[in-house]
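Trainee: I would like a close look at one part of this model, and then at how other parts are put together.

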Amino acid sequence: MPLPPPHLDDRSFQDIVDETKRLIPRFTPEWTNHNVSDPGVALIELFAWMSEMVLFRVNQVPERLYVHFLNLVGVEPFPASVAGADLTFWLSAVSDRPVVVPAGTQVATGADGAQEPIVFATIAEAVVSPPTLVAAHTAHAHTGEALDALGDLRYPGHAVTVFPSAPLTPGDGLLLGFAESLAGLVLRMDVEADAEGIGVDPRNPPLAWEVWSGEGWVAAQVHEDTTGGLNRDGSITLVMPPVHQPLTLAGAGAYWLRARLTHPAPGQPTYEASPRLHSLNAHAVGVTTPAEHAAAAPAEHLGRSDGSPAQRFTVSRRPVARRRDGEAVRVITHDTATVWQEVPDFAESGPGDLHVVWDSSTGEVRFGPRVRYPDGTVRQHGAIPADGAEIAVTGYRHGGGAVGNVGSGTLTALRSTVPMVTSVTNLRPATGGVDPESVDEAKVRGPLMLRTGMRAVTAKDYERITHETSTEVARARCLPSADGRQPVRVLVVPRVAGDPRGHVIDDFALPDHLLDRVCSVLDERRPVGVAVEVGTPFYQGVSIAALVRALPGRPLPLVRDRVLGVLHRYVHPLTGGPDGTGWPFEADLTAAVVAQLVEAVEGVERVDEVQLFAYDLRNGRRVGLGRDALRLEPHALFLSAAHQVVVK
C-alpha cells in the first residue's frame, strides 16, 4: 500500500488561473478582455501550468527533507527522554561496615524470550551505613512535651509507652534520633513489645512513620510490619525518602524518625491503649538509589579537524541522553586537551568562543559556521578546531523512550555482582520515558513557534512554551492576570506513566528539576514587568459508587474489574474526559454520564444506581453524602479515588 504524499499546497491548475484572474481588476483595471484567446490569459495559463508542476514536485518531498526544511527555520524534533526509577538494593545480611553500590551498576528486567531486557543503570554511588540510635523521646500532641525514652529502650526490665497521652490523642508519637542521615536507606527495626494496643487492626494500624526533610515531616514507606502496629515482637521495615535533614528536639540534635498516631479513617479501628516497647534495635538492610534507562558509552574518538568551518562529526550510538557533568566534547591539539562548551545554537557565539552543538537525536557534533551578512562582512560563529586537532567525547549515555516506563517490581536482574547485595527491585514504576517527537508533531509545532518568535504574549503562548519545555509536561493551563497587577499563573500536569488505577495525588506533584526548568524557560520568554507563577492544578477527589447488573453467564469479578478500569480512566487528569486526553478544566461530572459509560462496558446488562462522592485525597475518606452531580472547582481537575462497584 503506497504512503499518502504530504500536501504542502493543494491548489490545482484551475485554482491558480481563477485566483490570478480575480487580481486583474485590482492591479490592471484597463485589462478588460479575459477570454482564453487573449495573449495575457494565455500567459496566465502557461504560468499556472508551470506552478502546478512545481507544486506537484514539492508535494513529493519525503519526510527526511521536510525535517531539513524545519531545521532551516530553527525547528528540530525533540529527542527521546530517558525514563528514571528508584532501585532498592537488598543486603544478604546485616553488616557492621558500610556497603557500597557503585555508580553505573546495571539492573535489567527479567528474561523474556519475546523481547530484549530493558537495562537501567544507577546514577550515583549509594552507601549502606549502619545506623546509630542516639536519642529517643515520647511526645504529647497537645502540650508538645517530650520525655526521654532512650534509657528505657536500652535497659532490660523497662518499657516505653509509645503514645503517652491519656486518653490517646492523634498526633502523639515516638521520636527516634539517629547520628547519621537515613536518606535512601532501608531500615529494619527489631522490637520487643507487649500486646497493649488492643482494638487495632494489625494489618491496618492508624500509625504513620515520618522523617524530617528540613521543611516538614514526610512519610517513610512501610515495606513490611510483622509487629501488628508495635503490638508484638517482630520487625518493621521502612524505605526511607531521599531527603533526611537534622533537627533539634528537646535539646538534642539528630536525624529524627517518628511514629505518629493518626486519625483513623472511616471504619478503621484505633488503639484503645498505647503499645509498650521493651527494646528497639535498628539495622540497615538495603538502600534506594535513582537509576535511568540509559547505557554508558566510553570515551570515543570522532575524527580529526581539517580547519574548515561548520565541521560535523557523529558519535556511534544514539539517541544521546541529556549530558551530565563530565560528559563533553574535547579538542586535543598535541598534548593539550580543551573541553568545549555545549550551546543550543551559534547565534550568540563569537569567533573565539569554544562552542559546540551536540544534537541528541542524531548524535551529531557540530562546530561553528562562517556566515556572510548583507553588508558584505563575514563572521565566524564559534571557534574552529585547529587543522589536525583530534575531536573526541569524554563519554556519554544513550537510550531512552517510552519503552523504559516499566512497571513496579520488574527491574530485578542484577547484571554485575555487588558484595553483600542479594537482590534488587523497583518498588515504584519507572517514569519520564518519552519517545522522540515525530515529524507530524514537529509540523504542527513549527508554525506555532514562528508565529510569536518564542515570546510568551497570549495565554496560548504560555501553554505552548510550557509544553515545549520538556517531554515530561503532559498538560499546561495558563490563567492570565485579570487586572494586569496579579501574576500570570501557569498550571502544569506532569506526565505520569502506568495504569491509571494505581495513580495517587502524589504522582502529580511537580519534580523539582521540572519545576526549575519550566520557571527558567518562562522567565526568558515573558514580557518585561509580567510576573509568572508556576504550580499544579487543584486535584478534586471523586469516589463513585455503582450498582451494576451483569449479563447472565458473565463472571462477576471480571465485569467488576472492567467497570473499575473504565471509571479510573474516565475520571483522570491525563486519560479522562470524553475524548480520552484528560479531564477538561471547568467540566462538571454527572451520574447520568457515568451510567452511560458503565452501560457500554462488555458484560454489563444495566446500571441500577450511581452515586458520586467528593473524596479527601489527603486523609483518604469520603466527604459528605452521595449526589447526582459534582461541580468542578475553578482551575481544578478530577482524580479518581476509591471507587466502589457492586455487580449482581
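Trainee: Which strands form the open sheet of seven, and in what order do they lie?

Mentor: This is a predicted model, in which local features need pLDDT of at least 70 and side-chain atom pairs count only at pLDDT 80 or more, while totals for chains, interfaces and linings use all residues. Residues are numbered from 1 along each chain as its sequence is written, and side-chain values use heavy atoms, with hydrogens and water left out.

The order is β19-β27-β21-β22-β23-β24-β20, with mixed pairing. Strands here are DSSP runs of E with at least two residues, and helices are runs of H or I with at least four, both numbered from the N terminus; two strands pair if DSSP finds at least two bridges between them. At the edges are β19 (300–304) and β20 (312–314), each pairing on one side only. From one strand to the next the twist averages 30°; angles run from 0 to 180 degrees between N-to-C directions of axes, which are lines fitted to C-alpha atoms, for helices over the stretch in contact. Within the sheet, β21 (residues 329–333) and β22 (residues 336–342) are antiparallel and share five bridges, with Val331 opposite Thr338 of β22.

Elsewhere, strand β11 (residues 207–212) is largely enclosed by the rest of the structure, because six of its six residues are buried (under 20% relative accessible area; exposed is over 50% and partly exposed is in between, with a 1.4 Å probe and protein chains only). One side carries Leu207, Trp209 and Val211, and the other Ala208, Glu210 and Trp212. β11 runs antiparallel to β16 (residues 252–261), joined by five bridges, and Trp209 has Ala259 as its bridge partner there. β11 also pairs with β12 (residues 217–219) in the antiparallel sense, over three bridges, where Glu210 faces Ala219. Four residues separate β11 and β12 in their hairpin, and Gly214 in the turn has a positive phi of about 105°.

β16 has a further antiparallel partner in β15 (residues 246–249), through four bridges; Pro246 is bridged to Tyr255 of β16. That hairpin has two residues between its strands, and Ala250 takes a positive phi near 50°.

Among the helices, α8 (residues 556–570) packs against α9 (residues 591–599) at about 135°, with axes 10 Å apart. The contact (heavy atoms within 4.5 Å) is made by Val563, Val566, Leu567 and Tyr570 of α8 with Val593, Val594, Leu597 and Val598 of α9.
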